[in-house]
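This report looks at selected local features of one protein model. The sequence and the structure come first.

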Amino acid sequence: NFDPEKIKIGEIEKNIEGLGYSIDESDDVFSSVDKEVAGLKKRFFASLIIGLPVIILAINGLFHLSLFKIPFMAEAVIQLVISTVIMVINKDLYMKGLKNLIKMNPSMDSLIEIGTVAAYAYSLYIFFSSVFSGNGSQPVYFESAVMILIFVSLGKYLEGMAKGRTSEALRKLIDLKPKEALLLIDGMEKMVPIAEIRVGDMVLIKPGEIIPIDGTVIKGFSAVDEKTITGESNPSEKTIGDSVTGATLNKTGILTVRVSRVGPETTISKIIRTVEGALNSKAPIQLLADKISFYFIPTVFSIAFISFSVWLLMGKPLGFALTVFVSVLIISCPCTLGLAIPTAIMVGTGMGAQRGILVKNGKSLELLDKSEIIVFDKTGTLTRGEPEITEIFSMSGNIEEALSLAASIEKNSEHPLAKALVNKASKEGVPLFNVQKFEAIPGGGVSGLINGRSVLMGTRKLLADNNIDTSFFEERMSGLEEAGDTVMILSVDGKSEAVFAATDSLRDDSPEVIRKIRKAGRKAIMITGDNGRVAGAISKKLGMDGFFSEVLPEGKAEIIKKMQEGGRIVCMVGDGINDAPALAQAEIGMVLGSGADIAVETGDMILINNNLEKITEAIRLSGAVFVKIKQNLFWSFFYNCVGIVFATGALYHFTGWLLNPAFAALAMALSSVSVVLNSLMLKRQRF
């Protein structure tokens, strides 16, 4: 996103290219990744094959072998020509490094560039001095530049392949999107590209086919494998009226489906966008690594120059000091530091997507492991969200009239309790009336006029605020609430008329999830708009650490804010529109996949199949990812610290051993690959 008044797209593109990157406008991100890996492979093998003579000569000289003898000048010419060709092959590395140096923002490529150019330039000086003086006794270091570039290109190639594997889950998701669908037109079947399908079209899906769109079954019966979307292995039975999701597998029967969502609005497309967003986001710990890298490279330059100068002052030859200088620059490349965090997050995000846990950003994945309080909405989260009317008590004894009035006033509301009343009225066959001046009162209830009579339906507090006496029902209401039922009161023309009790049964997995959360050392808190008696009864059944009752939507966010005092990290789990402010306030907003669109947009994590067990699975995944990140960061610093000590020649007086720049390049390449492979080990863990 950008402000076109402040910057133009052309300037953005120019800045990107100025940093050494090219711009790919292809929709298929993986084709460009594959092209990049293919280019790195070609560069490595070209460098290796052309550089083989220099490698053989270097091994012959390094280990004092007498396999063959070549005059100094002939060997120098061979090394000069080959090193020049290999530097041209790796010209992209030099262009990037130079651009970053000019911008005073040196990178890994800058370190390699300075190291290899220094070795090449010094060798060139020795070569021409020898040509003009006729003295060919001084050694040249062309082979250092050659072997460094070969090992660096190998490291980049292996790194590219490994990084490609870390986003394998996203690639699989994209591959799940069907390219064609069998469209029904006037009873005739026609295979058409998926881009031609429109909302309202009829699509035929045969057994063994991938469902191409989101829609509703209008004919047929089948078992559908939804593992790709929900992470659950058990097939789900689908019949007339049921929803089906694109990218799932139709297993047994033939289905005719009316299309409800196409293109970017389909569930699989939204999942792909969510995963892509997570892969492109940075966790807070990444900012620390970026800051360290920012200071690390200038520090490496300083160490290299100091080491170079100290050895010269100690009387060592220029070639010796140059070897130290180049080795320090090459082995200190902070590529492992740059890979340590994003590769682990990419693997973790992909694993979550495959298990029905959509992680929208790296920040939430990091913070979930550190969370101290998990806050739950009640209705539709801890409970099924499908309450049923279990008792009606009317002061006048006319239960049918009370139900008719209550259902009429509630039919315009989206609240689960309102739906329960309308369903009850439908089952009982009572008539519904037209409502005038309807008004929804957040956290309270509804009001309106029915046949000229003022009707109010809602909580005890709502009626009290309107000066309506409810004492006649108090004893009965208290007993119902203490049993965990939700109570609604109907008043007509300012007088209490009837009480309705609704039971919303707990989810089967709620008690076990709460137990696991508390066992993991976190507090489980419930927030609800219900009164204290109902909230207390449910909280007691679940064994929660506490609850907040009679809370309005905006009040939920305020409660979260108070919990965050003292730096405590809070995770909010919800599903409805009234949860959106609290989801946004919490460090981690976790949304059930069936929740309202606004809640899903606000949340940081989405549990696609509405399984609360996925909460504890997400916590374990978060912990595993950050164990890997800590391991990667440890090895990054370990490699660099130990490598720099050896490269500076600090142990030379004790061991007589000096690190060869070529071996420094190999160690640097292998350290990068080891960090990526360590991240990939996450795939072997069970959650």
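## Basis of the values

The model is predicted, so to speak of local features requires pLDDT of at least 70 and side-chain atom pairs count only at pLDDT 80 or more, while totals for chains, interfaces and linings use all residues. Residues are numbered from 1 along each chain as its sequence is written, and side-chain values use heavy atoms, with hydrogens and water left out.

A pair of aromatic rings is described by the distance of the centres and the angle of the planes. Rings of Phe, Tyr and Trp (for Trp, the six-membered ring) pair if their centres lie within 6.5 Å; planes under 30 degrees apart are stacked, those over 60 are edge-to-face, and the rest are tilted. The count by this rule is 18 aromatic pairs. One of them joins F634 and W635, an edge-to-face pair with 5.2 Å from centre to centre and 70 degrees between the planes. A tilted pair is formed by W635 and Y639, with ring centres 6.0 Å apart and planes at 35 degrees.

W635 and Y639 both belong to helix α24 (residues 613-647), where they are four residues apart, about one turn of the helix. Helices (H or I, at least four residues) and strands (E, at least two) are DSSP runs, numbered from the N terminus. F634, W635, F638 and Y639 make up one aromatic cluster.

## Exposure and the nonpolar patch

F634 is partly exposed at 49%, W635 is partly exposed at 39%, and Y639 is partly exposed at 31%.

F634, W635, F638, Y639, V642, F646 and W657 form a nonpolar surface patch with about 660 Å² of accessible area together. Patches are made of residues with over 30% relative accessible area and no salt bridge; like charges are joined within 9 Å, and nonpolar side chains (Val, Leu, Ile, Met, Phe, Trp, Tyr) within 5 Å. A salt bridge is a side-chain nitrogen of Lys or Arg within 4 Å of a carboxyl oxygen of Asp or Glu. Accessible areas come from the Shrake-Rupley method with a 1.4 Å probe, and for residues only the protein chains shown count as cover.

## Charges over rings

A charge sits over a ring if NZ of Lys or CZ of Arg is within 6 Å of the ring centre and within 35 degrees of the ring normal. The charged end of K316 is over the ring of F320, 5.1 Å from its centre. R476 lies over the face of F393, 4.1 Å from the ring centre.

## Positive phi in two loops

Most residues other than glycine have a negative phi. D186 has a positive phi near 50 degrees; D186 is in the loop between β1 (180-185) and β2 (188-193) and is exposed at 78% relative accessibility. N451, also not a glycine, has a positive phi of about 55 degrees. N451 lies in the loop between β14 (445-450) and β15 (453-458) and is exposed at 61%.

T648 is in the loop between α24 and α25 (652-655) and is buried, at 13% relative accessible area. Its side chain reaches the backbone nitrogen of A650 at 3.5 Å. I306, in helix α10 (residues 284-313), is exposed at 54%. I306 and T648 are 342 residues apart in sequence, with their C-alpha atoms 9.2 Å apart in space.

Methods
Buried means under 20% relative accessible area, exposed over 50%, partly exposed in between (1.4 Å probe, protein chains only). A polar contact is a pair of N or O atoms within 3.5 Å; within protein, one must be able to donate a hydrogen and the other to accept it, and residues adjacent in sequence count only if both atoms are side-chain atoms.
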